[in-house]
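Please look over the sequence and the structure shown here before reading on.

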Amino acid sequence: MYSNQILNKIALALDFSTKEEVVKLLEELNPKPKILKIGLQLISSLGIKEAVVLLKQLCPSASIFLDLKLYDIPNTISKAIENFKNLEIDYLTVHILGGHKMLKQALKASENKVNLVGVSILTSYSEEEFSNSFFHPANELKTITLKLCELAVSAGLNWIVASPQESVFIKERFKDLKIITPGIRLTESNIGDQQRIDTPRSAIEKGSDMLVIGRPIYSAKNPNEIWEKVLSLY
Ligand code: C5P
């Protein structure tokens, strides 16, 4: 048993390089996912248009989440978004680090035809690695995440990507901001390159509005079994 509430909150990451792999996974899953996320891997092989057409054929009622994590100067980003908005895409990611001007111009160029999603700090960073990399240790991940959320909100974005571990303090400060959380794992094993992880149930309880799940499902021996398990967890 599952509720539509959880089904509508899960974006399935289709991190594949071939059409055949996408078709195979989507044919196996029942019920069909409501949000399909594609990114650099699939579009660098198929091209964006072909990938979007394929998904629309396979799951006509699903929303399409194009995860390109755009990061460039305002002019370049807004021109690209003018092109993307003609595709049937529902969500598109941009890095919040691109800055206020870039986010504002991106939003204007989108004409509300696509939900712009601001990416904060990649979930593949551990807190320690983040602080010790290019930022001063005093700039801990939490502080920078909140600053990025503030920037996104002030530019008019309604959606951001963060780790499930940050949802609680983001919602405390920005209660209307919608949070998308990758880094979802059913167990501590096979976390892969993700560091700031959580389980589906806990991520939702902490306030996540959409969960992104990829490898726990598509790398499983029986993907539909894990898919059903995820859906029944809430
Ligand atoms: O396989 P896994 O469940 O780790 O997939 C996570 C997906 O979410 C990948 O497609 C990855 O590109 C994406 N993502 C992420 N961290 C972000 C933004 C997107 O892992 N901050």
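## The shell around the ligand

Sorted by class, the residues that form the shell around the ligand are seven nonpolar, three polar and six charged; here Ala, Val, Leu, Ile, Met, Phe, Trp, Tyr, Cys and Pro count as nonpolar, Asp, Glu, Lys and Arg as charged, and the others, Gly among them, as polar. The shell holds 16 residues, and the closest to the ligand are Asp15, Lys37, Arg185, Gln194 and Arg215, where a residue is taken to be near a molecule if one of its heavy atoms lies within 4 Å of it. At least two residues of the shell come from each of strand 3 (63-70), strand 8 (210-213) and helix 11 (215-218); helices (H or I, at least four residues) and strands (E, at least two) are DSSP runs, numbered from the N terminus.

This is a predicted model, in which local features need pLDDT of at least 70 and side-chain atom pairs count only at pLDDT 80 or more, while totals for chains, interfaces and linings use all residues. Residues are numbered from 1 along each chain as its sequence is written, and side-chain values use heavy atoms, with hydrogens and water left out.

## Polar contacts and cover

The side chain of Thr123 has an N or O atom 3.0 Å from a nitrogen atom of the ligand. A polar contact is a pair of N or O atoms within 3.5 Å; within protein, one must be able to donate a hydrogen and the other to accept it, and residues adjacent in sequence count only if both atoms are side-chain atoms.

On its own, the ligand has 470 Å² of accessible area, and the protein covers 88% of this; such areas come from the Shrake-Rupley method with a 1.4 Å probe, and for residues only the protein chains shown count as cover.

Ser120 lies in the loop between strand 5 (115-119) and helix 7 (127-132), and its side chain reaches the backbone oxygen of Val161 at 2.6 Å. Is Ser120 buried or exposed? Ser120 counts as buried because its relative accessible area is 6%, given that buried means under 20%, exposed over 50%, and partly exposed in between (1.4 Å probe, protein chains only).

Ser124 is also placed in the loop between strand 5 and helix 7, but Ser124 is partly exposed, with a relative accessible area of 31%. The C-alpha atoms of Ser124 and Arg196 are separated by 6.8 Å, although these residues are 72 residues apart along the chain. Arg196 belongs to the loop between strand 7 (178-181) and helix 10 (200-205) and is buried, at 2% relative accessibility; a polar atom of the side chain of Arg196 lies 3.2 Å from the backbone oxygen of Ile121.

## Backbone points to check

Most residues other than glycine have a negative phi, and most peptide bonds are trans. Lys69, in strand 3, has a positive phi near 45°, and Asn112, in the loop between helix 6 (100-110) and strand 5, has a positive phi of about 60°. Asn30 and Pro31 are joined by a cis peptide bond, with omega about 5°.
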